[in-house]
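Hi,

Here is the structure I said I'd pass on.

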Amino acid sequence: MARTTAPAGDETRRAAAPQTLPVLLAPAALADLRLVSAGLLPDDVVLGGDAQCSATGGTGVLVGTGATPEDRPEVLTLVDVEGTPVGALEDLRADDRRGEVLRGQLRVTSPPLGAAPTASGRRLVVLRRPPTAGLLAALRTVEGPPLVLLPSGSATPDDLPAHLLRALAEDAGVRPEDLVPLPLAWRDARSDVRLLRHVTSALGARDVVVLPAAADDPGSWRDSTLGWTVPAAETHEQWVSAVADLRAGHVQAAAGTTPSALALLRRRWPARSERGLVVLLTGLSGSGKSTLARGLRDRLVAAGERTVSLLDGDVVRRLLSSGLGFDAEARHLNVQRIGYVAAEVARHGGVAVCAPIAPYARSRAAVRAMVEEVGDLLLVHVSTPLEVCEARDVKGLYARARSGELPAFTGVSDPYEVPTDADLVLDTSQVPLTEALDALVEHLERGGWVTPSR
């Protein structure tokens with residue numbers, strides 16, 4: 001057989017080309033990258049981590065590749081969700097304290113944040129929740145109104161998106177020229193304190209007023225050495241009650257909130273009868289979830305109140321996920337695809353009824369995160385026991401799995417992680433499918449997502 005030999009120059013270039021590994025940055029990591037590029041975060045943090053610096057130096061990225069030193073890439077190419085390169089880490093080395101973190105010299109290729117804002121000599125108000133007009137008036141000094149820092153890298157811990165937080169701040173009286181958006185992405189109270197220590201120090205504010213989320217411990221945000229203060233609890237009680245009421249569908253019970261602010265909040269949480277909804281039924285093959293899903297779709301369509309889409313596991317496998325296998329990562333991706341489509345249905349106020357097996361907790365959590373950015377998720381565990389599902393074996397899959405023909409079959413040779421956060425549990429071995437369907441519809445009626453039929 002003839003052998004083709006590449007020119008020596010090509011061989012040399014291939015040998016000299018560094019080994020690269022693309023790493024998709026999570027939103028928090030992408031926000032941190034922009035802060036590092038603007039000099040507002042030290043360059044030895046873990047992007048998207050807890051903002052704690054490392055003595056080993058070098059920017060860190062969580063990769064989880066499990067690569068040994070022998071096959072570790074020379075360069076990490078950092079990409080955003082669209083696959084666009086935004087930076088690279090070179091001269092890589094492992095962080096011994098964090099097993100799956102690689103550190104290196106950061107090279108930013110995306111458009112930088114631009115000139116970092118300055119708060120020198122001014123009071124800085126950090127919004128992790130909306131301000132009130134009364135609080136802003138109290139913080140106004142003879143030098144003028146405070147500078148207001150608007151985090152744009154994520155929603156607030158109370159789940160208000162950045163654009164809505166801006167609107168609420170302006171409604172409370174913040175002037176547009178006093179509002180400074182920065183790509184801050186919240187994680188948890190402890191990590192957020194570390195993040196803000198770096199950023200507010202770099203901004204040079206005279207003193208800082210932090211508006212923590214209602215669930216946070218205000219004590220963790222008080223630091224006299226940094227000049228940090230936290231308003232008294234009563235200044236955010238109206239937001240606590242308003243958000244809780246709106247989440248629960250009580251649109252008229254947001255006491256203490258101005259009509260204009262309430263109208264803005266209702267953009268995020270309209271009445272449940274108008275809110276996008278995803279009903280995710282999960283359970284073993286043969287549990288009855290597909291039958292329940294079809295029955296629910298038919299009931300809702302017949303009622304004529306909501307636009308309904310059905311995403312059945314088998315149909316999705318033939319169409320949306322036809323190229324995927326059945327290993328753990330492929331199953332995880334399949335459920336994520338279902339979640340993405342369902343979230344888009346919910347974004348536009350529709351109801352998506354989904355019936356995948358969804359055996360892994362992390363997959364269901366990923367769907368919940370996508371859906372709850374735009375609507376509500378109802379997780380229904382169809383808990384029919386394995387022995388009942390196997391006795392039904394309507395598709396003959398269990399028999400094939402027991403014979404070894406189907407490897408990694410859920411419930412036989414691959415685990416099903418029982419949900420601990422299910423909103424409703426239905427066992428079709430204990431009640432007929434018609435009664436289980438009635439219970440599901442009644443749950444939707446009690447929650448206000450659909451009008452009771454009687």
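Searching the whole structure turns up 1 aromatic pair (Phe, Tyr or Trp rings, six-membered ring for Trp, with centres within 6.5 Å; planes under 30 degrees apart are stacked, over 60 edge-to-face, the rest tilted). It is edge-to-face, because the rings of Tyr 398 and Phe 409 have centres 5.1 Å apart and planes at 80°. The two residues are 11 apart: Tyr 398 is in helix H13 (397-402), Phe 409 in the loop between H13 and strand E15 (424-426). Helices (H or I, at least four residues) and strands (E, at least two) are DSSP runs, numbered from the N terminus. Tyr 398 is buried at 1% relative accessibility, and Phe 409 is buried at 11% (buried is under 20% relative accessible area, 1.4 Å probe, protein chains only).

This is a predicted model, with pLDDT of at least 70 needed for local features and 80 or more for side-chain atom pairs, while totals for chains, interfaces and linings use all residues. Numbering runs from 1 along each chain as its sequence is written, and side-chain values use heavy atoms, without hydrogens or water.

Two arginines sit over rings (CZ within 6 Å of the ring centre and within 35 degrees of the ring normal): Arg 128 over Trp 186, at 5.0 Å from the centre, and Arg 364 over Tyr 416, at 5.7 Å.

Then there's Asp 80, in the loop between strands E3 (75-79) and E4 (85-94). Leaving out residues up to four places away in sequence, Asp 80 touches Leu 24, Leu 30 and Val 86 (heavy atoms within 4.5 Å).

Cheers

Key:
Buried means under 20% relative accessible area, exposed over 50%, partly exposed in between (1.4 Å probe, protein chains only).
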